[in-house]
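Thanks for coming. Please have a look at the model before I go on.

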Amino acid sequence: MKSFFFLLCICLLSFGVNAQQAAKLTETQQDKALEELQAPMYKPLLERYILDELKAVRYDQQKLREDLTKQVTHSQLDAADRAITYTTDTINNVLFIITATASILVVVGWTSLRDIKSKVEDLVKERVGNITQEYEQRLQVLESKLKERSEEILNNHKKITITNEVHSLWMRANLESDMNSKIEIYDEILKRKPEDVEAIAYKADALLELGETGVAIQLCNQALEMDNDYGYAYWQRACAFAMLHQHADAMADIRMALEYAPNLKNELLHEAAFASLHDNASFNELIEHA
């Protein structure tokens with residue numbers, strides 16, 4: 001039994017020594033790997049920025065919804081308080097009228113309680129009816145104004161939501177490199193804002209990158225029908241005409257684009273779609289004066 005215990009101790013000591021040697025060897029390999037490391041072992045996630053923006057948008061929407069609920073609740077409570085006040089004032093006025101009428105009748109000399117009751121009831125009914133009708137009209141006006149205000153708040157909330165969604169889509173489009181994906185994002189923007197001429201023009205630009213010049217020209221025409229002063233739409237249509245070798249139409253649109261967006265002059269030589277115009281005398285003259 002003692003020999004068995006002695007052998008067990010020797011095995012445990014051997015295992016501990018081997019474990020220490022393995023740990024030292026592992027630390028040596030780690031130090032060597034760190035010295036040979038040439039680049040960082042992580043990459044920044046671009047999607048993190050987008051997720052933070054979406055989280056902020058959801059938080060703002062929730063905060064706006066809470067504020068809207070509080071405003072509507074306060075308005076309803078104010079209306080109820082006013083109605084109760086109107087009712088209390090009416091009852092007090094009726095009591096004053098009854099008291100005054102009874103006093104007047106006693107002074108005048110009416111001794112018949114039945115006549116007094118009849119006259120008072122008629123007078124009270126008439127007075128209460130007039131007061132009730134007046135306050136009903138006031139409450140209807142107040143209810144109408146409250147309804148209009150609520151609809152206005154809801155419409156503003158809807159506009160803010162659409163604006164936040166469109167802003168997020170523009171950020172996605174700027175980060176996207178695939179043209180088909182860009183076109184899908186621009187379509188989503190146009191679903192929310194059908195008259196967004198900027199989204200239409202950028203969609204035409206993506207279609208030109210895919211070689212669909214005919215559809216791009218139609219989109220540019222659509223954008224110019226909405227905003228005849230939008231220079232970038234003229235620029236994209238000029239690119240399409242240049243790719244189709246319709247140089248006269250291309251030059252006309254280039255001049256219109258530079259008139260409404262003079263900062264595009266710096267892009268004349270860098271625009272790949274204008275390659276067919278480099279031998280055009282009007283185009284070269286325009287570059288010299290740019």
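A residue counts as buried when its relative accessible area is under 20%. This is a predicted model, so please take what follows as computed from it.

By that cut-off Cys 220 is buried, since its relative accessible area is 1%. Cys 239 is buried too, at 2% relative accessibility.

A disulfide needs two cysteine sulfur atoms within 2.5 Å. For Cys 220, the closest cysteine sulfur belongs to Cys 239 and lies 8.5 Å away, which is too far for a bond.

Now the helix. Helix H7 covers residues 231-243. With 13 residues at 1.5 Å a residue, H7 should span 18 Å, and its end C-alpha atoms are 19 Å apart, so the two values agree.

Is H7 largely enclosed or open? It is largely enclosed by the rest of the structure, because 12 of its 13 residues are buried. Cys 239 is one of these buried residues, and others include Tyr 232, Tyr 234, Trp 235 and Phe 241. Gln 236 and Arg 237 are also among the buried residues of H7.

What do the buried residues of H7 pack against? Their partners are helix H5 (197-209), helix H6 (213-226) and helix H8 (247-260).

One last item, on the backbone. Just after H7, His 245 has a positive phi, about 65°.

That is all from me.

Definitions and conventions:
Residues numbered from 1 in each chain as written. Predicted model: local features only at pLDDT ≥ 70, side-chain atom pairs only at ≥ 80, totals over all residues. Heavy atoms only, no water. Buried < 20%, exposed > 50% of the residue type's maximum accessible area, 1.4 Å probe, protein only. Helix = DSSP H or I, 4+ residues; strand = E, 2+ residues; numbered from the N terminus. Expected span 1.5 Å × (residues − 1). Contact = heavy atoms within 4.5 Å.
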